There are 4 protein chains.
Amino acid sequence: MPETVRQEDRRELASAYARIRRLSEQLCQPLQPEDMSLQACADVSPPRWHLAHTTWFFETFLLVPHLPGYQPVNPAYEVLFNSYYNGIGEQYPRPQRHLLSRPTQQEVMHWRHHVDHAMGQLIVSRPDLDALITLGLNHEQQHQELLLTDLKYSLSFNPLAPAISQPLTSDGEPAPPLTFQDFTGGKIQHGANADEPFTFDNEGPQHPVWLSPFRLANRPISNGEYRDFINDGGYRRPELWLSDGWAWVQQHHIQRPLYWQADLLNHWTLAGLQAISPGQILAHVNYYEADAYARWAGCRLPTEQEWEHAARQSKQPGSFVENGRYQAGQASAGLLCHMLGDVWEWTASAYLPYPGFRSAQGAVGEYNGKFMCNQMVLRGGSCVSSQNHIRPSYRNFFYPHHRWQFSGIRLAEDG
Amino acid sequence: MPETVRQEDRRELASAYARIRRLSEQLCQPLQPEDMSLQACADVSPPRWHLAHTTWFFETFLLVPHLPGYQPVNPAYEVLFNSYYNGIGEQYPRPQRHLLSRPTQQEVMHWRHHVDHAMGQLIVSRPDLDALITLGLNHEQQHQELLLTDLKYSLSFNPLAPAISQPLTSDGEPAPPLTFQDFTGGKIQHGANADEPFTFDNEGPQHPVWLSPFRLANRPISNGEYRDFINDGGYRRPELWLSDGWAWVQQHHIQRPLYWQADLLNHWTLAGLQAISPGQILAHVNYYEADAYARWAGCRLPTEQEWEHAARQSKQPGSFVENGRYQAGQASAGLLCHMLGDVWEWTASAYLPYPGFRSAQGAVGEYNGKFMCNQMVLRGGSCVSSQNHIRPSYRNFFYPHHRWQFSGIRLAEDG
Amino acid sequence: MPETVRQEDRRELASAYARIRRLSEQLCQPLQPEDMSLQACADVSPPRWHLAHTTWFFETFLLVPHLPGYQPVNPAYEVLFNSYYNGIGEQYPRPQRHLLSRPTQQEVMHWRHHVDHAMGQLIVSRPDLDALITLGLNHEQQHQELLLTDLKYSLSFNPLAPAISQPLTSDGEPAPPLTFQDFTGGKIQHGANADEPFTFDNEGPQHPVWLSPFRLANRPISNGEYRDFINDGGYRRPELWLSDGWAWVQQHHIQRPLYWQADLLNHWTLAGLQAISPGQILAHVNYYEADAYARWAGCRLPTEQEWEHAARQSKQPGSFVENGRYQAGQASAGLLCHMLGDVWEWTASAYLPYPGFRSAQGAVGEYNGKFMCNQMVLRGGSCVSSQNHIRPSYRNFFYPHHRWQFSGIRLAEDG
Amino acid sequence: MPETVRQEDRRELASAYARIRRLSEQLCQPLQPEDMSLQACADVSPPRWHLAHTTWFFETFLLVPHLPGYQPVNPAYEVLFNSYYNGIGEQYPRPQRHLLSRPTQQEVMHWRHHVDHAMGQLIVSRPDLDALITLGLNHEQQHQELLLTDLKYSLSFNPLAPAISQPLTSDGEPAPPLTFQDFTGGKIQHGANADEPFTFDNEGPQHPVWLSPFRLANRPISNGEYRDFINDGGYRRPELWLSDGWAWVQQHHIQRPLYWQADLLNHWTLAGLQAISPGQILAHVNYYEADAYARWAGCRLPTEQEWEHAARQSKQPGSFVENGRYQAGQASAGLLCHMLGDVWEWTASAYLPYPGFRSAQGAVGEYNGKFMCNQMVLRGGSCVSSQNHIRPSYRNFFYPHHRWQFSGIRLAEDG
């Protein structure tokens, strides 16, 4: 392989590194310094912590083991910003991340630059680490999504309703009619092919599965459709709910999606309180709500195998704004639309390893594998997902009670 | 169909009814009256409550709707002994079942006889209800198993270590060598066929699945093998555990299976404190422990599809005692043994509906379907399962943290 | 002192012992065997446990140390029935007392008789132990009261509303008009005099206190008066409540006294559900409610010094039934009435040691002293208190949130 | 009264107002902006919240009702910064104060200046409001103390151990020998006289009490003396503890004072981790620990009446630094020293109203009165108390389990 080609690779990776790292910081631009510490529950993290933890990833997994003479800025950060890697050691307690007023924002930014500088050296000199560096960049992109969803959640506790983005100026197209597309099933290949560019370990190995015939809705459920469910007593009828879901409804007195106000007319957004547009895509329901809605509608949720199989026929770009708008021209002739990049769609599949899945050796093997229990798979990516995470095989996963992601509903039926 | 045949059917069902109902009461024979109220946590129920709830099932789903003129003994029992059927109405709070000193044992027995008498009338006169009556009998048999596992748990809190059965007089055969049997996989039919005699709704519909090649251990793990795991630091090494499992270990300071004493030499049984026989079948581990053991052993747990596929080739009777003994002559030539009737085997499958599954209409539809979330499938039946629940397609399900069933481990590997 | 007199003392103590021990067992006569295990929360204990613990007291503090050759029936009982004496050793966890199905009722009764027989020997031979034996008997009488109040609480969780006593056949006299009696205060002697017959250690030593002038209500508040408070929004007006009281109201959604039904017309009693008589004495309010009622009425609660000072001028017998009736002829000319033996009256005094108080050496010193924190003093004795605990100096104490005793309200004012 | 005198009064109050308000802001000078949001538990508040709440007090109780035309900066602040005044209305949930990233620091400072400007007008024009303004200033001084104790607590959760003040350069004098001073007791006047300058409502009314003879230690207990208690097994001997105290020790595995490290050699201070000087005054123990120490030492804690009676004979200035140093020349001839301004001293008295105490009308009446339950009185003031709160009659109060104030121990004995 000629030298010039390899140098081009170096430049490309260095440029991607710079672009992605910079985006994390740009996402914090609309924030006040005081917002950088917000953490409203153990599930979410402060923006400053996200900036630090993504930096920790590069320092811990790349610089310390691979860059000779590299000195960590502060050895204590190894514990403070370790999220959950037991292979690295102790972790600062997750619910207390908001208590880390130090390192300050300035110190975290200094650390980022220190690490970025050292990473520059590594990128040019160690092409053998490209896969791990690329993992680090994809990791940072995942945290960019979390930074926004976490912040939306934490800001929602402030009665002053601070906005950090501009509201949409129009509602977009009305939701196209809901139709179902038929799939015949049979033996298919499921999961990411080893030949694809970057994918996470949990997306493979690709393996055969047998699909029974099924039908999939052409688009996600809209706010207006979900409001019909509420108005039909959806939250008061136990027969619509899974047992654990009904217990959750009862215990927390749930009556509507997260962020919806009691009037069912307004909801909390990154642009502050805004009117709920009935014609836009529903978000912020959890698995229990998605499952109950599907039962109410006489349908069910798709499995992740069904979803991925269908999605491979329908690929359109998502957009990095909190919009939820159905887009013109997407739903013609009953074709699937809005599969990718609008809202995470709950599937009926538990998050479990594919046949033949093996975690990587060492602490980085904890990335995905150890969470394969008690969570459900979501597919498709949302309006705040990174563009290059928008692919048919990507598996997101959350607990059934989680609502703070942009998570919605697509219906399925037996064929 | 000639009349005489149908009368034989009646007699047979009446006889099965009498036998099964009587067994519930016989299981309480070794107990002291004071034991009948024991409830050590919300997951378990007092023996008297089991006797009442199984009676409630027949009164609620059969006698009240179908036997003209039937008068419930006490209308309040409808709420008191409703376990979880929202379609019937309110339920007395589960964690408080031990507070129901009334109805007394005598009153519950009177109720049982009242219901049994009325059921006698229904059995002879309404052959169209046979399926529902059979469900009621299978339901009672499930509660016979729970009565024993719940009681074992509740009695374990008494330092006096009361025994309600006799200890085994011998340890049985030593565990045969652990070997693995190969399965080639491919397209198979999974789940109970509609033609089979009684099965629960969640066992079907039968449907095709594609299995990748796999290998399955010839027998369940023994106490001695699990002790090796403990002695190798199994409970102190986070890399062996799922994230939720490790959190569970840490939070509850878990160091050994339920009922094992700190010395790892004795465990609590229905015959009181007894020595742990290293050569007997391990029980009372939860999913997290089963999964961690499998990882430590360089293996994994089987999926329920793999397990059922293999079990259809290996069927031997279980025995209604708490024994855990490996049996002579079962493991020759690497054949699978102890698949059925010794210990529930955790599978790597989440408890979810099969394609095409539909719950029955009405409250009885809550029997199985609404629990299809957050639980894992166990297969095979245990030493305290009813003989006629021992079949390859039977799906038991518990939460990953549950340990009070006779639940053990069978290893699997990719083929 | 002549021998004959001392023999009379022996006979008298033996007779008191027999009478008091028998009463504990008689109190259980109306119960079903199943009731003997009831424990609805950690604060209350099962009837069988009360029978066992009072026996434990005699075995632990008298027979084991003082009767040569005495053999405990079962050494494990030392832990099982130790309530809170750290000086004796470990205690079986209080919230789990309902799990002690063994020893059975029969075994506990056997233990009682074994201990009673041995105590008979000790009583005749060791007059030097009279004080300790008398403490044991007063201890048993305290548990007789608790046995009834605990049972009332535990039975209240049963929707069948089982009655264990007969309802009153009449309401008694209407409440006499509420008036206040003046006291001039000044230097008084407070607490039990060392010359009095049996008193608990916490009732002394007697010591001078200076009382400012005050006025005390002639009688406890009635159900009807308290209903006025409720109807005036008493439970919805934070300005009437202590901060901790208001937090308690909010957290538990409190709207009425314990045992009152939502209609404010019926309440739970040991005779089952009964009509609330507006003219009877209020019971089952806690300190927060008593304090809020007093503030609503423009008054305050009396201190224990004020109460005792007044009570020494007003002594009338209580009656061992759950009645709450005002008695004829007690309230003439504004005299204090119903000070003793009707309802425990919350005072404004925290339960703290009197000047010069010293706990006894050894485990028996834990009897009262170690609870002198976080609790409030109640005075007067209730309808289920032992007759010989009804005295002006007796100090009962409970946490401010406790409601399951027969606890009521007497108002006071500055003089 | 001549006009000039009154103008001098105005100037003096305006000057006090300016000085005290400024001090709150100066206390935040050593902090990083990120520290301003710290709240490590519900009991403590973020520094920015303290700055806002004290401002809220002036706006709510003075400007809105009394300054014609005054416009609140933001009506939402009325809820956000209401601490506990139900008379004003709803309160933002206390445990979530750290979530108020808005108003930002800049906005809070703007609010402070807006209020200060308006208060300037009120001070010159409304001498009739002096008492209420003075209450507001004393209120702000109380929050200055809390700002420091809260911050010390919140910063202690950061493993980076940030310092916000300079460590002491010397240990000061060694602790003088512990001696006891006799007091004969008798009838005394207790509480603040109505003639004194500013006192809080709970310090009066003055009233007679009768004191039995007692003896009081000449100085607070030192770190070294408390370490002897620990080394003698103090935290492992239940006989030394109140029942609730022992439960607290067991539940939280307590082994040493708050902020002490496991080595008993270092402790957390506002100057970071520092060596524990055995000769300095102990702080950060709670009531349970103070009581247990006293019992271990064969003594008891003083009542607040005893303490105040003694303190009226011993008044020396405190110093606004976290020092804990015994001062030279204070302990000659067994005289009491360090009564005031070094460490809050737990008394054996529950926080209850004095005879004749009445809360003020309106919401400001909630200031002290509604907390008179479940808390214990502390006396003397600490190294971070405002100088002008240092007086014999000042009653501080905290729950028995609280440790985050500078709270220590002075022993007493019966005379």
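In this predicted model, D:Gln39 sits in the loop that runs between helix 1 (3-27) and helix 2 (47-66) of chain D, helices (H or I, at least four residues) and strands (E, at least two) being DSSP runs numbered from the N terminus. D:Gln39 is buried, at a relative accessible area of 2%; buried here means under 20% relative accessible area, exposed over 50% and partly exposed in between, with a 1.4 Å probe and protein chains only. Its side chain gets to within 2.9 Å of the backbone oxygen of D:Arg94. Neighbours within four places in sequence aside, the contacts of D:Gln39 include D:Arg94, D:Pro95, D:Ser154 and, from chain A, A:His98 and A:Leu99, contact meaning heavy atoms within 4.5 Å.

A word on bookkeeping: residues are numbered from 1 along each chain as its sequence is written, while chains are lettered from A and ligands numbered from 1 in the order in which they are written. Local features need pLDDT of at least 70 and side-chain atom pairs count only at pLDDT 80 or more, whereas totals for chains, interfaces and linings use all residues; side-chain values use heavy atoms, with hydrogens and water left out.

On to how the chains are arranged. Two copies of a chain are related by a rotation about an axis and a shift along it. For chain D and chain A, the rotation is 180° with 0.0 Å of shift along its axis, and the superposition has an RMSD of 0.0 Å, fitted by least squares on the C-alpha atoms of residues with pLDDT of at least 70 in both copies. That is the relation of a two-fold axis. The residue of chain D that comes closest to this rotation axis is D:Glu34, with its C-alpha at 3.5 Å. Both copies use the same surface, as 100% of the contact residues of chain D recur in chain A.

Chain D also goes onto chain C by a rotation of 180° with 0.0 Å of shift along the axis, again at RMSD 0.0 Å. Here too the same surface serves both copies, with 100% of the contact residues of chain D recurring in chain C. This contact takes 32 residues from chain D and 32 residues from chain C. The two chains bury about 2400 Å² between them, 54% of it on carbon and sulfur atoms; buried area is the accessible area (1.4 Å probe) that two parts lose on being put together, summed over both. On the chain D side, D:Trp210, D:Cys373 and D:Asn374 lose the most area to chain C, together 22% of what that side buries. Other pairs stay apart: chain A and chain C do not touch, their nearest C-alpha atoms being 14 Å apart, and no contact joins chain B and chain D, whose closest C-alpha atoms also lie 14 Å apart.

Within chain A, an automatic or database domain assignment gives domain 1 (2-155) and domain 2 (180-414). Their centres, taken over C-alpha atoms, are 28 Å apart, and 25 residues of domain 1 meet 28 residues of domain 2. These domains of chain A bury about 2400 Å² between them, 63% of it on carbon and sulfur atoms.

Strand 8 (residues 376-379) of chain A points A:Met376 and A:Leu378 one way and A:Val377 and A:Arg379 the other, and all are buried. Strand 8 pairs in the antiparallel sense with strand 7 (residues 344-350) of chain A over 3 bridges, pairing requiring at least two DSSP bridges; A:Glu345 stands opposite A:Arg379. Strand 9 (residues 396-398) of chain A pairs with strand 8 in the antiparallel sense over 3 bridges, with A:Phe398 opposite A:Met376.

Key
A polar contact is a pair of N or O atoms within 3.5 Å; within protein, one must be able to donate a hydrogen and the other to accept it, and residues adjacent in sequence count only if both atoms are side-chain atoms.
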